[in-house]
Amino acid sequence: MTKDTLVLCDIDETVLTFKGVTHEWWNANIEKHGHAWTYDQWEHIARTNPPEATDPTGFQTMVRNSGKLIFVTARKKHLMRLTEEHLSKVTNQKWDVLFCGTESKGRIIKEHLDLSPFDRVVFIDDSDRHLQTVRDEFGDAMEFYKFHAF
Ligand SMILES: [Mg+2]
């Protein structure tokens with residue numbers, strides 16, 4: 001990556017996670033109780049537990065080697081303050097965050113970000129669904145990386 005690279009990076013289960021929250025946790029709860037219930041449970045966990053960095057060294061290397069990083073999250077906007085706290089705890093820095101909630105990440109990126117100043121745009125996420133919605137919007141205009149935290 002170079003200084004002309006924009007990195008669009010997911011937050012949860014990519015740069016940070018909470019104790020006990022894994023893909024299996026999400027899948028089992030969504031299957032049993034539905035998405036809304038599961039998200040509320042997750043929000044409770046996120047409000048009451050410290051975030052844990054998944055790969056702090058890898059993250060710092062990525063930051064050093066890219067021009068700009070913007071977080072793109074499916075968290076809802078009312079978690080803005082908490083999200084700033086979580087990110088500064090695991091990275092010691094403040095960041096721009098794009099909140100997508102239940103909307104498609106691909107569509108929100110298209111509507112809100114100007115990618116034209118960058119030679120290269122990299123999208124990183126642990127979720128196949130989000131990787132797909134962004135790929136559907138941008139195709140070859142971006143590079144895609146799936147993060148495996150677990
Ligand atoms: Mg994620």
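How many helices and how many strands are there in the protein? There are six helices and seven strands. Helices here are DSSP runs of H or I with at least four residues, strands are runs of E with at least two, and both are numbered from the N terminus. This is a predicted model: local features need pLDDT of at least 70, side-chain atom pairs count only at pLDDT 80 or more, and totals for chains, interfaces and linings use all residues. Residues are numbered from 1 along each chain as its sequence is written.

**Overall form**

From the N terminus on, the elements run β-β-α-α-β-α-β-α-β-α-β-α-β. The C-alpha atoms fill a box of roughly 45 × 30 × 25 Å along the principal axes. The protein has a radius of gyration of 15 Å, which agrees with the value near 15 Å for a compact globule of 150 residues. That radius is taken over C-alpha atoms, and the globule rule is 2.2 Å times the number of residues to the power 0.38.

**The sheet**

Five strands form an open sheet in the order β5-β4-β1-β6-β7, with parallel pairing. Two strands pair if DSSP finds at least two bridges between them. β5 (96–99) and β7 stand at the edges with a single partner strand each, so one side of each has no neighbour in the sheet. The twist averages 25° from one strand to the next; angles run from 0 to 180 degrees between N-to-C directions, and axes are lines fitted to C-alpha atoms, for helices over the stretch in contact.

| Strand pair | Bridges | Sense |
|---|---|---|
| β1 (residues 5–9) and β4 (residues 68–73) | four bridges | parallel |
| β4 and β5 | four bridges | parallel |
| β6 (residues 120–125) and β7 (residues 143–146) | four bridges | parallel |

Val7 has Leu69 in β4 as its bridge partner. Phe71 stands opposite Val97 in β5. From β4 the chain crosses through helix α4 (residues 80–91) to β5, in a right-handed β-α-β crossover. Right-handed means that, with the strands pointing away from the viewer, the path from the first strand over the helix to the second runs clockwise.

Phe123 stands opposite Phe144 in β7. The β-α-β crossover from β6 through α6 to β7 is right-handed.

**Helices α5 and α6**

The axes of α5 (residues 105–112) and α6 (residues 128–138) come within 7 Å and cross at roughly 45°. The two helices are therefore oblique to each other. Angles under 35 degrees count as roughly parallel, over 145 as roughly antiparallel, 65 to 115 as roughly perpendicular and the rest as oblique.

Lys105, Gly106, Arg107, Ile109 and Lys110 make the contact from α5, and His130, Thr133, Val134, Asp136, Glu137 and Phe138 from α6. Contact means C-beta atoms, placed from the backbone, within 7 Å.

Key. Contact = placed C-beta atoms within 7 Å.
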